[in-house]
Amino acid sequence: MSKNKKPAPDTKIEKIEVEPVNKGAKNAPLYVAHKKIFSKMAKGKFRNFKTFMLMFTLSIYFITPWLRWDRGEYAPDQFILLDIANRRFYLAFLEIWPQEFYYVAGLLLMAGVGLFLATSAVGRAWCGYSCPQTVWTDLFMFVDRFVEGDRNARIKLDKAPWSANKLFKRGIKHFIWILISVFTGITFTLYFADAPQLFVDIITLQAPSVAYATIAVLTGTTYAFAGIMREQLCIYMCPWPRIQGAMLDEHSLTVTYNDWRGENRGKNSKKLAAQGKIVGDCIDCDLCVAVCPTGIDIRDGMQLECITCGLCIDACNGVMDKIGKERGLISYTTFNYYNENMDIATSGAYTHDGTPTHEAIEAIDISKVRDSKTGKLKPEFKHTNWRELFRVRTILYLTVWALIGIAMLLSLTFRSPLDVNVLRDRNPRFVMLSDGSVRNGYDVKILNMTPIYRNVELSVEGLPDAKMILGGSSEEATDKLALELEPDRVLPIRLYIKVDPEDVKPGRTDFILNVNNIANDEAASAKAIFEAPEK
Amino acid sequence: MSKKEIDEITGTETTGHEWDGIKELNTPLPRWWLWIFYACIVWAIGYMIAMPAWPLINGATKGVLGYASRANVVTDIEKAKDAQQVFLTKIDETEVGDIVKDEELARFARAGGSSAFKVNCVQCHGAGAQGFAGYPNLNDDEWIWGGTIDEIYITIAHGARDNADDDTHISEMPAYGADELLEKDEIISVANYVVSISGGEADAALIGNGAEIFLDNCAACHGEKAEGVAELGGPALNNAIWLYQGGIEAITTQINAPKHGVMPAWRTKLSDATVKQLAVYVHSLGGGE
């Protein structure tokens, strides 16, 4: 009804022939053939953000193995290295040993809770921007556009009979896809060995066969997932849409078509208005469907297929700009805001069930939506407030997430790179020696988790006059034992502790075995038990 | 069912079954699924021919490939034995006392000795080699027949008081009471003396007499200071370790009618390499000299 203000608006907007893959009105069978999706390039802030995330995450993936970190001559100098053969994980100044795997468990916990946090706050943001499937698919789509052109050109090429040109373009496209896939695979293996060396080995066919097998698998999956399967992986294979769907609530941000101002939609709004119908902002240009990477129509409501990448928002905002309407016909909003606005638009007749029903749309009163004098949206309508992000649920997730992080950080900060484990002999529990003294045997492991040689001293606390001697040693037993630890190694020793007859306490005595670095105050200790005859 | 009934809404054939107006659709299986199913059937037939499959009364069909998991075990054992043979040959060629000089060989010998010990020795000496009354503890620092690797090797190889072996250790303590070599009070005096020199409480009045009787009768085998004589198999009596039991009563019993342990000569039962490994292992238990 207010369209007469705009200077010949509709001519500027590209009309698109597109049908969503899961058109709501159709009673589609469960088992359907795959429909090809030719998504159109969107322009706008969400596209820019998506491109930024694409470059950011891919940079992390491809550059990280090449970063160096000096750890001295006895340890590798790679910033991140998962050394499976030697069972070590290096990350910057950290060196994690297999028994410290709980740090990895902690990281996984943080990732899990972080995902809960992100989902309850900003919906499926992970799916839309940073999931590897999304990132690599997006990258492959850039290749599509670079080689074959945008949507229309690609559809044309797809429909065209096989020709030299089509063969050439398809060949180039698949070649670049495979190239990216191979580099993805190679990069993955570089996390597990010295990157420069392994890279040269791979190129010169000197690398171990497991590296080539890994590259082959990663190449295959990257090519298949990002090139061929794309959104089908999200829709049919990934459990996350189902889990995330269950974690969304009425406060979560989702990409929403605001039908309270969009309906009734029409390609020819003037004609509809002349017929006396209520005409909304949606001009039914289908651009939102055309740009969608999963090929759906967001106007059918929130769907499992929607990865909330916001490209339809970009597309629609562009159209709204052109026809001189406010942006945000499609927007990131919460179900609560949508409901409130729907309430206002329908004067309370809306049923709150979230699906755009015919009845709800019929109930929309356009005079409530738009000021007939200024042609602007009425101020009562609420825009999503970012403070909505902070509520009990998200703050709780954030707290849990931060607590795990702080606990890990503290334990990492105060962890000793020196450790000792003691395993007492169970049989015999003790040995009586000829001079009447009692001897216990222990298997002791001293862990030097630093890439330097260390000199340590063993001492016993809580066991008066205890003397120590190494298994197989012919020297006299002494109060303290000096040992040299090799860098980055475990030193297993057979330790005998002997107590003279006059000092022997009957039964079990708890004591502490201390390991002290001679050069500084680094120390580690382990509780142990000394056993003697009962009387 | 002579005529196909097509469901109006889905356009799919029905099975003809109907429950309260609800009809069952006869949706065909996806083609890819069906082909995998057929492929599995073909594979199963081939597998039954190629591999052991059909159970018979005695065993099962062999299969044309002749695969048997038992045969794999035999091969694995042979492979492991081949891998061990390198070390065993080396042990055969090395003097028993020199085995510990080669760190790798010593580790192999200790491991091999440990497993041989568990099969052959634990019955008398205990799982931790801790011994029992009459069976010596091998962890401590008293050795009746000597505690160097060489001496331990000889003891294991030839045994003690094993009449079948010419080189076996032999020592026979006279039955001083039963054969009436000493009077009852003399025996009690010696017992008191022995207890006193091993750190126990004894009757001070009897010790002097006991010491004289000890020098005359016992020192030849147990040593003048009762420090033991390994060559003769006379155990040390001046310490806290007792093969049978300490205390006046038990010592008196032993002097009266001594018990003697027997250990078989293992060289006839085990290979020389195994005996060498046992010697290295026993020596490593903490009491080796």
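Guide: A helix here is a DSSP run of H or I with at least four residues, numbered from the N terminus. The model is predicted. Helix H10 of chain B, residues 272-283, is one such run, and B:Gln277 lies in it.

Visitor: Why is B:Gln277 called buried?

Guide: Buried means under 20% relative accessible area. B:Gln277 has 5% relative accessibility, so B:Gln277 counts as buried.

Visitor: Which residues is B:Gln277 in contact with, leaving aside its neighbours within four places in sequence?

Guide: The contacts of B:Gln277 are B:Leu88, B:Ile91, B:Phe108, B:Ala109, B:Gly112 and B:Gly113, once those neighbours are set aside.

Visitor: On to chain A. What makes A:Tyr129 count as buried?

Guide: The limit for buried is under 20%, and A:Tyr129 is at 6%, so A:Tyr129 falls in that class. A:Tyr129 is found in helix H3 of chain A, residues 125-130. Beyond four places in sequence, A:Tyr129 touches residues including A:Phe46, A:Phe49, A:Met53, A:Cys309 and A:Tyr332.

Visitor: What makes the pair of A:Tyr129 and A:Cys309 a polar contact?

Guide: A polar contact needs N or O atoms within 3.5 Å, one able to donate a hydrogen and the other to accept it. A polar atom of the A:Tyr129 side chain lies 2.9 Å from the backbone oxygen of A:Cys309, which is within the distance cut-off.

Visitor: Why is the pair of A:Asp281 and A:Arg261 called a salt bridge?

Guide: The rule asks for a side-chain nitrogen of Lys or Arg within 4 Å of a carboxyl oxygen of Asp or Glu. For A:Asp281 and A:Arg261 the closest N and O atoms are 2.7 Å apart, so the pair qualifies. A:Arg261 sits in helix H11 of chain A, and A:Asp281 in the loop between helix H12 and helix H13, 20 residues apart. Both residues are buried.

Visitor: What is the distance in the salt bridge of A:Asp281 with A:Lys325?

Guide: The closest N and O atoms of A:Asp281 and A:Lys325 are 3.3 Å apart, within the 4 Å limit. A:Lys325 lies in the loop between helix H14 and strand S5 of chain A, 44 residues from A:Asp281. A:Asp281 has a relative accessible area of 3% and A:Lys325 is at 10%; under 20% is buried, so both have that label.

Visitor: Is B:Arg107 buried or partly exposed?

Guide: Partly exposed: at 48%, B:Arg107 falls between the 20% and 50% limits. B:Arg107 forms a salt bridge with B:Glu103, at 4.0 Å between the closest N and O atoms. Both lie in helix H3 of chain B, four residues apart, about one turn of the helix.

Visitor: How many disulfides are there over all chains?

Guide: The count is zero. B:Cys124 illustrates the rule: its sulfur is 8.8 Å from the closest cysteine sulfur, in B:Cys121. A disulfide needs sulfur atoms within 2.5 Å, so the two are too far for a bond. At 34% relative accessible area, B:Cys124 is partly exposed.

Visitor: What links chain A and chain B across their interface?

Guide: Six residue pairs are in polar contact there, whereas the count of salt bridges between the two chains is zero. The area buried between chain A and chain B is about 990 Å², with 52% from carbon and sulfur atoms. Ten residues of chain A and 16 residues of chain B take part in the contact.

Methods
Residues are numbered from 1 along each chain as its sequence is written. Chains are lettered from A and ligands numbered from 1 in the order in which they are written. This is a predicted model: local features need pLDDT of at least 70, side-chain atom pairs count only at pLDDT 80 or more; totals for chains, interfaces and linings use all residues. Side-chain values use heavy atoms; hydrogens and water are left out. Contact means heavy atoms within 4.5 Å. Buried area is the accessible area (1.4 Å probe) that two parts lose on being put together, summed over both. Buried means under 20% relative accessible area, exposed over 50%, partly exposed in between (1.4 Å probe, protein chains only). Helices (H or I, at least four residues) and strands (E, at least two) are DSSP runs, numbered from the N terminus.
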